[in-house]
Amino acid sequence: MSNTTHPPERASPIDDSAARAVPQATDWSFPVDGMSCASCAGRVERALAAVPGVARAGVNLATEVASVRGEASIGFDALRAAVEKAGFAVAQRTERLGIGGMSCASCAGRVEKALRRVPGVVAAEVNLATETAEVRLAGREGDVMARDETMAALAAAVREAGYAAHAASGPAGEANGIGEGGDATGAASSAGGPARRGRGGWQVAVAAALALPLVLPMAGMPFGLHGMLPGWLQFALATPVQFWLGARFYRAGWGALRAGAGNMDLLVALGTSAAYGLSVWQLLRHGVGGADPGGAAPHLYFEASAAVIALVLLGKWLEARAKRQTTEAIRALQALRPETARVLRDGREQELPATAVRVGDRVVVRPGERVPVDGAIEDGGSHLDESLITGESLPVARGPGDAVTGGSVNGEGLLRIRTTAVGAESTLSRIVRLVESAQAKKAPVQRLVDRVSAVFVPVVVALAAATLLGWGLAGGDWEAALLNAVAVLVIACPCALGLATPAALMAGTGVAARHGILIQDAEALERAHRVRVVAFDKTGTLTAGRPALVAAEPAAGIDGRALLADAAALQAGSEHPLARAVLDAAARDGVPVPAARDARAVPGRGIEALRDGRRLRLGSTRFMEESGIDLAPLAGRAAALQSEGRTVSWLAAVEPAPRLLGLLAFGDALKPDAAGAVRRLRALGVRTVLLTGDNPGSARAVAGALGIDEVHAEVLPGGKAARIADLRQGGAAVAMVGDGINDAPALAAADVGIAMSTGTDVAMRAAGITLMRGSPALVADALDISRRTYAKIRQNLFWAFVYNAVGVPLAAFGLLSPVVAGAAMALSSVSVVANALLLRRWRAGAGR
């Protein structure tokens, strides 16, 4: 989307008269989806023109772009709402920015507000821990010119708020500059990214070396040791700490003030400046030699200002190192991408950059090498280590026709692979995007933190002022009053509040990804910890999904081979697992597959087609009953097969005369870890439910073998969503686990949808959690890691709130010196991140 603001005299490009009526005219241009004709465009125009403050609106149907001129005060949300009310949608895309210069939750909140004010921005979320912003705005993917304009506008908004912006091309630190000059001034140099702060150890060392000679004499005073340095030497040691190493606090604090807000840097700058300024005033008042004419040495507080800055720098350095560890999972996944690939072109093997490989290329992978692309094996066989992608610890056997994932390690065989996906469309890239997106999102609990952070700094400054006036007016000792006020400013820390949630989310989603569990957003993780009911689909989820035809029972007067031939004719060309089982059986028995025409799938029921002048139907009992087919001749045999856990399908002719032709029975082995998965869920206090379109006998047999608590059989795809709604009654949080297109409605209807990556893309898009291998045991693991992550969030928030609730009053009442307050403030942020990092110890199957 593009946007420009004009003064009245420059409004003429669209409409001079309209512009003269508007004191400050603004142009919006944004794409609209869903229009199909001129009347659609007219409806959108009328809807936009009706928005108060709009002077003119036009829609170009050919480009599907709306252009609006109106008052600058019009919010884009109003325009978007008007388009949606008219029955259309504003096309949206997502951009990621790296943000430099943030030091606390107040900073993150201020950047969010600045980004949301940019015309065309629908939503913006800033993650303090990753120092990134995810911005959703109007526009279409692939519009390079519009993207460049927008990114420049976003960067300008961030700079105006006092921070730096750069294009985020990966986890912290990997970025390219954007906007005017790429890097912003002011706050940019004060913080940089985690990588830059992680390299700031020398600053900590220098600050400590200069502050220690000031602090050590203070430590000896309780023991009667007096070794205080002369005042001029204290000044010489403290000044570089204050104005060189502490310059970042002044720059960031000034940037916050210019933006009309406050942050942690402002609190540190105010507090240390007060202690330093008081010391300089005392030094000048009593003489540079350090004593007044009467010989009494003045009380100087250089050690407080220098020690606080040294401790805060130490805390930020440790915090940056800890935060870097929370992104370890992303970096480990990115490291799986090989730089080069051996490609067969023109009959020769060429070593090319992996980025030059195209879909359809044949790639050679030697033993011990990483697979550079997603593809299918054309020649060769081997064992592949996919542990960092799927979490599966053992190498898996792969041969001709099998799919392989880029990033996995080839074992002992030479493979030739036909490329099916490269670059951004590869499985590895999609996993990285999912994890990055989940880590960038905010959990709903963060909203409370944001509200507190918005008023935190002004409240702390007010409390410090009240402390200064209270102590000064009550006791007349303005030095002590100033020190207590400094302690209040220094100990207050919005950093711990801002890091409490994102640090835990990053650690939790990262460790889950390493074990094959992709949590797609923070909201899914937060809901997952409340899950008390898990509903499973059967085929492909609890069973192997590779059914075999175990019985073909013809009706009286029907030949068995003819029954199989008719069934195979209906299933030819289908990718359904039962269809493959029929076709495999026909091939095995040497039964030729005749041609059928007008084949049509009937969702939730089966398939029908014409063959030799007969309309045949193959499918469920419900399908047969609706077709008027009498199943009585084979009902007893069907019941016996179903009691053994078999899936029964019926074949019948409905034209020219209804007639039962026979039944087919399929067997599908249970996954080896399915029973253990159900036991683990029960140990977590979770009730299990089986939702399947299969017959009751087969469903009860599977449920009995696995120990599932509740069974719902013969449920149509739409009915699964309704059953999920029934299970949610009473307030129970429900998770649905499935892998097929027919599971997508239920996955979307559940509180948490959990999809097997071995299933369809539709199912994975509808789910909040994706399991990278088809193991039901990962369901319990997903719930367990979500519970542990949410527990860490609660712990972090509790300690962050308690720390401030206890520390600020203690400082205000004069019970904490500025040095102790600085140490406590530094410790609070480090402890929050360190607590979150304990999640890295989590192992899949704990308590199994």
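A residue counts as buried when its relative accessible area is under 20%. By that cut-off, Cys-40 is buried in this predicted model, since its relative accessible area is 8%. Cys-107 is buried as well, with a relative accessible area of 0%. A disulfide is a covalent bond between the sulfur atoms of two cysteines. A search for such bonds across the whole structure returned zero disulfides.

We can turn next to the sheets. Six strands make up an open sheet in the order S22-S27-S26-S25-S24-S23, and their pairing is antiparallel. The edges are taken by strand S22 (548-554) and strand S23 (597-602); each has a single partner strand, so one side of each is left without a neighbour in the sheet. On average, neighbouring strands of this sheet are turned by 20° against each other when direction is ignored. Strands in a sheet pair through backbone hydrogen bonds, in either a parallel or an antiparallel sense.

Within this sheet, strand S25 (residues 614-619) runs antiparallel to strand S26 (residues 647-655), and five bridges join the two. A handy landmark for this pairing is Arg-615, which stands opposite Glu-655 in S26. Two helices pack on the sheet. Helix H20 (residues 560-571) touches S22, strand S24 (606-611), S25, S26 and strand S27 (659-667), and the direction of H20 makes about 85° with that of S25. Helix H23 (residues 632-643) touches S22, S26 and S27, and its direction makes about 5° with that of S27.

With a relative accessibility of 13%, Thr-647 counts as buried, because the cut-off lies at 20%. Apart from neighbours within four places in sequence, the contacts of Thr-647 are Lys-538, Leu-664, Ala-665, Phe-666, Asp-694, Asn-695 and Ser-698. Among these, Leu-664, Ala-665 and Phe-666 fall in the residue range 659-667 of strand S27.

A further antiparallel pairing is found between strand S11 (residues 340-345) and strand S12 (residues 348-353), which are joined over six bridges. Here Ala-341 stands opposite Leu-352 in S12. S11 and S12 form a hairpin, with two residues between them. In the turn of this hairpin, Asp-346 has a positive phi of about 55°.

Conventions
Residues are numbered from 1 along each chain as its sequence is written. This is a predicted model: local features need pLDDT of at least 70, side-chain atom pairs count only at pLDDT 80 or more; totals for chains, interfaces and linings use all residues. Side-chain values use heavy atoms; hydrogens and water are left out. Two strands pair if DSSP finds at least two bridges between them. Helices (H or I, at least four residues) and strands (E, at least two) are DSSP runs, numbered from the N terminus. Axes are lines fitted to C-alpha atoms, for helices over the stretch in contact, and angles run from 0 to 180 degrees between N-to-C directions. Contact means heavy atoms within 4.5 Å. A disulfide is a pair of cysteine sulfur atoms within 2.5 Å. Buried means under 20% relative accessible area, exposed over 50%, partly exposed in between (1.4 Å probe, protein chains only).
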